[in-house]
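Subject: Structure for you to look at

Hello,

Here is the structure I said I would pass on. Please open it beside this email and follow along; my notes come after it.

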Amino acid sequence: MLTTLSRRIFGPALMGLIMIALPFAGLPAPAQAQSLPQVAGTVMKVDATTEKITIRHGPIPNLDMSGMTMVFKAGSPDMLKQVNPGDQVTFTADRVTGQLTVTTLTKSK
Ligand SMILES: [Cu+2]
């Protein structure tokens with residue numbers, strides 16, 4: 001008797017919860033670093049000690065920058081091991097804790 005009553009009460013409530021939760025399951029994840037615009041550039045200098053990289057880059061829309069040569073903080077120390085001065089690269093950059101940082105870096109083939 002009690003069980004039947006519980007089902008009558010909680011059954012619809014549970015279905016209601018699932019109906020509410022379902023639409024959220026399909027929502028896209030919030031914008032991450034991966035969605036930053038890809039920027040073309042040439043590596044000018046790599047400094048593993050300070051974890052900085054100098055890149056002559058094209059426009060960076062998300063940082064409101066036109067093309068220039070400038071120093072970026074490397075997003076990770078490993079990033080700097082993949083490239084050498086003169087390499088053509090594609091990268092994403094963002095302001096991370098106030099520092100202009102290369103968040104992803106790929107050597108062009
Ligand atoms: Cu710049």
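Predicted model: local features only at pLDDT ≥ 70, side-chain atom pairs only at ≥ 80, totals over all residues.

Overall layout

The chain has two helices and five strands. Along the sequence they come in the pattern α-β-β-β-α-β-β. The five strands close into a barrel, in the order S1-S2-S3-S5-S4, with mixed pairing. From one strand to the next, the twist averages 55 degrees. The chain has 109 residues, of which 16% count as buried. If you take the contacts between residues at least 6 apart in sequence, 48% of them join residues at least 24 apart.

Strands S1, S2 and S3

S1 and S2 pair in the antiparallel sense, over six bridges. S2 (residues 52-57) also pairs with S3 (residues 68-74), again antiparallel and over six bridges. His 57 has Met 68 of S3 as its bridge partner.

Which residues of S2 are on its covered face, and which are on the uncovered one? The covered face holds Ile 53, Ile 55 and His 57, while Lys 52, Thr 54 and Arg 56 make up the uncovered face. In a regular strand, side chains alternate between the two faces of the sheet.

One is Glu 51, with a phi of about 55 degrees. The hairpin of S1 and S2, where Glu 51 takes this phi, has four residues between the strands. Glu 51 is partly exposed, because 16 other C-beta atoms lie within 10 Å. The other is Asp 64, with a positive phi of about 60 degrees. Asp 64 is placed in the loop between S2 and S3. Asp 64 has 7 other C-beta atoms within 10 Å, so it is exposed.

A buried residue and an exposed one

Why does Val 43 count as buried? The cut-off for buried is 20 or more other C-beta atoms within 10 Å. Val 43 has 22, and is therefore buried. This residue is found in strand S1 (residues 39-47). Leaving out residues up to four places away in sequence, Val 43 touches Ile 53, Ile 55, Val 83, Asn 84, Pro 85, Gly 86, Asp 87 and Val 89. Val 43 and Thr 90 are 47 residues apart in sequence, and their C-alpha atoms are 10.0 Å apart in space.

Is Ser 108 buried or exposed? A residue is exposed if it has 12 or fewer such neighbours. Ser 108 has 10 C-beta neighbours inside 10 Å, so it counts as exposed. Ser 108 lies in the segment after strand S5 (99-107). Apart from neighbours within four places in sequence, Ser 108 is in contact with Gln 88, Val 89 and Thr 90. From Ser 108 to Gln 88 the C-alpha to C-alpha distance is 5.4 Å, although the two are 20 residues apart in sequence.

Regards

Definitions and conventions:
Residues numbered from 1 in each chain as written. Pairing = 2+ DSSP bridges. Axes fitted to C-alpha atoms, helices over the stretch in contact; angles between N-to-C directions. Contact = placed C-beta atoms within 7 Å.
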